[in-house]
Amino acid sequence: GAAVVRPPGHHAEREVVMGFCFFNYVAAAAAVAKSEFGLKRVLILDWDVHHGNGTEKMFINDPSVLYISLHRYDDGSFYPGTGPAEEVGVREGAGYNVNIPWPHSGMGDAEYLLAFERVVMPIARSYNPELVLVSAGFDAAHGDPLGGCNVTPYGYGQMTNMLRGLAGGRMVVALEGGYNLRSISRSMEAVVRVLLGDAPPEVQVPEGEEIEEEVQEVGKYRAMVPRAAGVALAKVIAI
């Protein structure tokens, strides 16, 4: 399913509103899925260009929610300044928080799809979620004036198609940030088409030296990942 909501929500914390976010819709949906429907494993995938600090904080010690975020970090200088790779969760939730922090602008389809293939999907398959929730900000899209990245509708379609193979297809894509209406509309259209069953286009993924370094940086923290994701991540860093 797809949820077209405004304003976005992933920066909102329990008692703090920030980053144009008042209510954290995706986090609330995950909580309801657990409390009302008895789900034990919920995956939240956040591809908004900004780190979802609110979502991370809500589930930082909760192994029943696996939070994975791909975002610009820029050594902590990119808003909201959170989400380094070494933040992997605490206590029972250690290992169920995965941050893929980009070091600068300019990341596009190749970088995102390589991260999906090497990190996101192996961990997600190992976790075996019962529900997938996507915080679908489109401010990493080509043409967005704030994100400075270059993900195309084809890239978003490919990521959606990979995620659709999880949880028996039980997946909800919820709109988050984005500041170029044309980029948002084209990207969301590509995502919804895949959700409706259209085949995504073929995209060639080159392997750049810098993105290999970023993937390995995430992999350094494999020792902190519990059994649910540890085997998959141990394979991921063998590149």
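**Entry 1: helix α4**

I began with α4 and noted its buried residues, which are Gly-155, Tyr-156, Gly-157, Gln-158, Met-159, Thr-160, Met-162 and Leu-163; buried here means under 20% relative accessible area, exposed over 50%, and partly exposed in between, with a 1.4 Å probe and protein chains only. Since eight of the eleven residues of α4 are buried, this helix is largely enclosed by the rest of the structure. I then looked up what covers these buried residues of α4, and found that the cover includes β2, α3, β5, β6 and α5. Helices (H or I, at least four residues) and strands (E, at least two) are DSSP runs, numbered from the N terminus.

I remind myself that this is a predicted model, in which local features need pLDDT of at least 70 and side-chain atom pairs count only at pLDDT 80 or more, while totals for chains, interfaces and linings use all residues. Residues are numbered from 1 along each chain as its sequence is written, and side-chain values use heavy atoms, with hydrogens and water left out.

**Entry 2: the chain and its sheet**

I read seven helices and six strands in the chain, which follow the pattern β-α-β-α-β-β-α-β-α-β-α-α-α along the sequence. Of the 239 residues in the chain, 54% are buried.

In what order do the six strands stand in the open sheet? I found β1-β6-β5-β2-β3-β4, with parallel pairing, where two strands pair if DSSP finds at least two bridges between them. The edge strands are β1 (2-3) and β4, each of which pairs on one side only.

On one pairing, β2 and β3 run in the parallel sense over five bridges, and Asp-46 stands opposite Ser-69 of β3. On another, β3 and β4 are parallel over six bridges; Tyr-67 has Asn-97 in β4 as its bridge partner, and His-71 stands opposite Pro-101 in β4. I also traced α3, which lies across β2, β3 and β4 and runs at about 170° to β3; axes are lines fitted to C-alpha atoms, for helices over the stretch in contact, and angles run from 0 to 180 degrees between N-to-C directions.

**Entry 3: the nonpolar cores**

I looked up the largest nonpolar core, which has 43 residues, and among those with the most contacts inside it are Trp-47, Phe-116 and Leu-163; such a core is a set of buried Ala, Val, Leu, Ile, Met, Phe, Trp, Tyr and Cys residues joined through side-chain atoms within 4.5 Å. The largest share of this core, ten residues, comes from α3. A second, separate core of 14 residues includes Val-42, Leu-131, Leu-133 and Ala-174.

Leaving aside neighbours within four places in sequence, Phe-116 is in contact (heavy atoms within 4.5 Å) with residues including Leu-45, Leu-70, Met-159 and Leu-163.

**Entry 4: His-50**

Is His-50 buried or exposed? I found that His-50 is buried, because its relative accessible area is 8%. His-50 is in the loop between β2 and α2 (53-58), and its contacts beyond four places in sequence include His-10, His-11, His-71, Asp-139 and Tyr-179.
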